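Please keep the sequence and the model in view while reading.

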Amino acid sequence: PVRARGLGGGGGGLVLGVLSGLKDMGWEGRVDVVATETLGANCFAAAMEAKALVSLPGITSIAKSLGADRVSETLFRLAREGPTKVTPWVCSDAAAVRACIQFATDHQVLVEPACGAALAAVYDQAAVLETYPSVVVE
């Protein structure tokens, strides 16, 4: 069974949709979420580190579709209160692009750097994923 889902964090829309789906399927609290972001578009990670909602001064990452300057208050609250564990993970633009290229080589599918951030967590064997026997990347 799937134990974690890795996906782009950004402002929180996709993560909130996944959390809603986990709840609807009865998997709330049983499948963790790793919200991946690139440095310079890492509003979720910044808020979690500060333990407060914060605004980025601007989006400096090439992953512009992750480009929210502030994470949603709902995601911030749910990530802090549970029941589903939501963990931020941040990589460089270079790591995201390398993952995009590797994915294109492996699967003949081209994805954007925002998606590459989630793929980088897998290709780079990020410590945040090492305890999970199975991960779905979205």
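## An exposed isoleucine

Ile101 counts as exposed because its relative accessibility is 52%; exposed means over 50% relative accessible area, buried under 20%, and partly exposed in between (1.4 Å probe, protein chains only). This is a predicted model, in which local features need pLDDT of at least 70 and side-chain atom pairs count only at pLDDT 80 or more, while totals for chains, interfaces and linings use all residues. Residues are numbered from 1 along each chain as its sequence is written, and side-chain values use heavy atoms, with hydrogens and water left out.

## Helix H4

Ile101 belongs to helix H4, residues 93–107. Helices (H or I, at least four residues) and strands (E, at least two) are DSSP runs, numbered from the N terminus.

The buried residues of H4 are Asp93, Ala95, Ala96, Ala99, Cys100 and Phe103. They lie on the same side of H4, because they cover an arc of only 160 degrees around the axis; the arc is that of the directions from the helix axis to the C-beta atoms. The face turned away from this buried side carries the exposed residues Ile101 and Thr105. Strand E2 (32–38), strand E3 (86–91) and helix H5 (113–123) are what the buried residues of H4 pack against. Just after H4, Gln108 has a positive phi of about 55 degrees.

## A buried asparagine

Asn42 is found in the loop between E2 and helix H2 (43–50). With a relative accessible area of 13%, Asn42 is buried. Leaving aside residues up to four places away in sequence, Asn42 touches Glu37, Leu56 and Val90, where contact means heavy atoms within 4.5 Å.
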